Amino acid sequence: MARTDASKNAMTGGPAIILAEPQLGENIGMVARAMANFGLSELRIVNPRDGWPNEKARSAAANAQHVIADAKVYEDLPSAIADLNFVFATTARQREALKPVRGPAEAAKALRGIEAAGQKSGILFGRERWGLNNDEISLSDEIVTFPVNPAFASLNIAQAVLLMSYEWMTSGLDGELDLTFKGREMVPAPKEATIGLFNQLEEALDARGYFRPKEKTEVMTHNLRAILMRAAFTETEIRLLRGVVNSLDNFSRQRPKGAGAPEGRARVKKEVSRE
């Protein structure tokens, strides 16, 4: 099915495709080709193993050179998603998570609604050998799980991108969009602001020994992030929350050791004890 019409304008736009630490240049090229087939053009690459630019990627991309030429490379995932309002993380298997899980078609319709609301979105894909880790998934808003044969669930990264790109294209044709995000008066903050809140809150909690036992720190952190992600805070709300955390943090650290409870709290306790 090799057919390219240079006389037609290439479709562009749509959600950003984000590759977490891809290994082979050939796979990146095939991802670009899949994107171009279905009208996606923004490729973001996190710490590619073989460096960038990559001649093997360029060769495998065939006529999708515009995707390769405009691809952006980032040192880490937080930098790659910093300006996005909403991120889907893809996986071929079910996970124990506190995040909503959608199928590819449902996720594509939701992405259309996000785009219609004027917000920026992205779809995150993992490494060829073992996909995404829990830390990376914790920075996403929702999960996309592919309905695959449970006995053979492994998808090539280009196949996974092809599936989501196809669903993106068809979601724009059937007119049945998930407009959950359209018409929102308040726009969710970019991920840079959300990650800043995470870091501040987790540092303050860690300083007070909240993460106990220590071996459960990772799970507790992921659960906390999942709960906060659901709220889709605006930038104004995040600034307010960070101010609250900062105020409580400073108060707690500045109080002399051994100091009793604040007067108001002590009075309440006495009144309760009298009752």
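## Aromatic pairs

Three aromatic pairs are found in a search of the whole structure, which is a predicted model. A pair of aromatic rings is described by the distance of the centres and the angle of the planes.

One of these pairs joins F38 and Y166 in an edge-to-face arrangement, with 5.7 Å centre to centre and 85° between the planes. F38 belongs to the loop between α1 and β2 (43-46), whereas Y166 is part of helix α7, so the pair ties together parts that are 128 residues apart in sequence. The two partners fall into separate accessibility classes: F38 has 19% relative accessibility and counts as buried, because the limit for that class is under 20%, while Y166, with a relative accessible area of 41%, is partly exposed. Another edge-to-face pair consists of F86 and F88, whose rings are 5.1 Å apart centre to centre, with 65° between the planes. Both of these phenylalanines, F86 and F88, are buried.

## Surroundings of V144

In sequence V144 and F88 are 56 residues apart, and in space their C-alpha atoms are 6.4 Å apart. V144 has a relative accessible area of 0% and is therefore buried.

## Packing of α1 and α7

Two packed helices are described by the angle between their axes and the distance between the axes. For helix α1 (residues 25-37) and helix α7 (residues 157-171), the axes come within 8 Å and cross at roughly 10°. Because angles under 35 degrees count as roughly parallel, α1 and α7 are roughly parallel to each other.

On the α1 side, the residues in contact are N27, M30, V31, A34, M35 and N37. Their counterparts in α7 are I157, A158, V161, L162, S165 and M169. By class, this contact of α1 with α7 comprises nine nonpolar and three polar residues, and no charged ones.

## A charge over a ring

A further arrangement involves an arginine and a tryptophan. The charged end of R112 is placed over the ring of W168, at 3.7 Å from the centre of that ring.

Definitions and conventions
Residues numbered from 1 in each chain as written. Predicted model: local features only at pLDDT ≥ 70, side-chain atom pairs only at ≥ 80, totals over all residues. Heavy atoms only, no water. Axes fitted to C-alpha atoms, helices over the stretch in contact; angles between N-to-C directions. Helix = DSSP H or I, 4+ residues; strand = E, 2+ residues; numbered from the N terminus. Parallel < 35°, antiparallel > 145°, perpendicular 65-115°, else oblique. Contact = heavy atoms within 4.5 Å. Nonpolar A, V, L, I, M, F, W, Y, C, P; charged D, E, K, R; others polar. Phe/Tyr/Trp six-rings, centres within 6.5 Å; stacked < 30°, edge-to-face > 60°. Buried < 20%, exposed > 50% of the residue type's maximum accessible area, 1.4 Å probe, protein only. Lys NZ or Arg CZ within 6 Å of the ring centre and 35° of its normal.
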